[in-house]
Amino acid sequence: MASFGEAPAGDAAKGAKIFKTKCAQCHVAETGGGHKQGPCLGGLFGRTSGTAAGFSYSAANKNAAVSWSEETLYDYLLNPKKYIPGTKMVFAGLKKPQERADLIAYLKGATV
């Protein structure tokens, strides 16, 4: 598995489309947005997994204590259930490095 450091440059506009089609059903990106089936992703970067106030996380997500960064998110998005065994997230992942890089580029701006 290639690391984020070896990932292609991300395109935020393409990432916005990926978010809309693959993530928005369960997540809100903007800070201050409400939780859906998944937690609001506002303030994601630098936050520890399982700590968004008001969301009921799995014990696995809380106990993983992942500090979300471009690097950890890139690895997580490949296969969430493998990265955090026992997570409630039902998303299969993004196998293409370019799609992960694009989504992260979008999230870096949208979740501030």
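Me: Before we start, what does buried mean here, and what does exposed mean?
Reply: Buried means under 20% relative accessible area, and exposed means over 50%. Keep in mind that this is a predicted model.

Me: OK. Which residues of α1 are buried?
Reply: Gly15, Ile18, Phe19 and Cys23. Seen down the axis of α1, the buried residues fall within an arc of 105 degrees, so they line one face of the helix.

Me: Why would spaced-out residues end up on one face?
Reply: An α-helix has 3.6 residues a turn, so residues three or four places apart point the same way.

Me: And which residues are exposed on the other side of α1?
Reply: Ala13, Lys17, Lys20 and Thr21 are exposed there.

Me: What covers the buried residues of α1?
Reply: The cover includes α5, residues 97-110.

Me: How far apart are the end C-alpha atoms of α1?
Reply: Only 14 Å. α1 runs over residues 12-23, twelve residues in total, and a straight helix would reach 16 Å at 1.5 Å a residue. α1 falls short of that.

Me: What caps the N-terminal end of α1?
Reply: Asp11 does. One of its side-chain oxygens lies 2.9 Å from the backbone nitrogen of Ala13.

Me: Switching to pockets. What volume does the largest pocket have?
Reply: About 610 Å³. Its lining counts 32 residues. Nearest its centre lie His27, Gly38, Pro39, Tyr76 and Met89.

Me: Which elements give two or more residues to that lining?
Reply: α1, α3 (70-78) and α5. α1 gives the most, with four residues.

Me: Let's do α3, then. Which of its residues are buried?
Reply: Thr72, Leu73, Tyr74, Tyr76 and Leu77. What covers them includes α4 (80-83) and α5.

Me: Zoom in on Leu77. How much relative accessible area does it have?
Reply: Leu77 has 6%, so it counts as buried. Leaving out residues up to four places away in sequence, Leu77 touches Gly93, Leu94, Arg100, Leu103 and Ile104.

Me: How far is Leu94 from Leu77, C-alpha to C-alpha?
Reply: They are 5.8 Å apart in space and 17 residues apart in sequence.

Me: Now Cys26. Where is it?
Reply: Cys26 is in the loop between α1 and α2, with α2 spanning 59-64. Its relative accessibility is 18%, so Cys26 counts as buried under the 20% cut-off.

Me: What is Cys26 in contact with?
Reply: Beyond its neighbours within four places in sequence, Cys26 is in contact with Lys36, Gln37 and Gly38. Take Gly38: twelve residues from Cys26 in sequence, 5.0 Å in space, C-alpha to C-alpha. Gly38 also showed up among the residues nearest the centre of the largest pocket.

Me: Last one, Asn61. Which helix is it in?
Reply: Asn61 lies in α2. Asn61 is buried, with 8% relative accessible area. Residues up to four places away aside, Asn61 touches Ser49, Gly50, Ile84 and Thr87.

Notes: Residues are numbered from 1 along each chain as its sequence is written. This is a predicted model: local features need pLDDT of at least 70, side-chain atom pairs count only at pLDDT 80 or more; totals for chains, interfaces and linings use all residues. Side-chain values use heavy atoms; hydrogens and water are left out. The expected span of a helix is 1.5 Å times one less than its number of residues. Buried means under 20% relative accessible area, exposed over 50%, partly exposed in between (1.4 Å probe, protein chains only). The arc is that of the directions from the helix axis to the C-beta atoms. Contact means heavy atoms within 4.5 Å. A polar contact is a pair of N or O atoms within 3.5 Å; within protein, one must be able to donate a hydrogen and the other to accept it, and residues adjacent in sequence count only if both atoms are side-chain atoms. On a 1 Å grid over the protein atoms alone, a cavity is a set of points where a 1.4 Å probe fits but cannot get out, and a pocket is an open set with protein on both sides within 12 Å along at least five of seven lines; lining residues have an atom within 4 Å of a point. Grid points are joined across faces, edges and corners, and a volume is the space filled by probe spheres set on the points.
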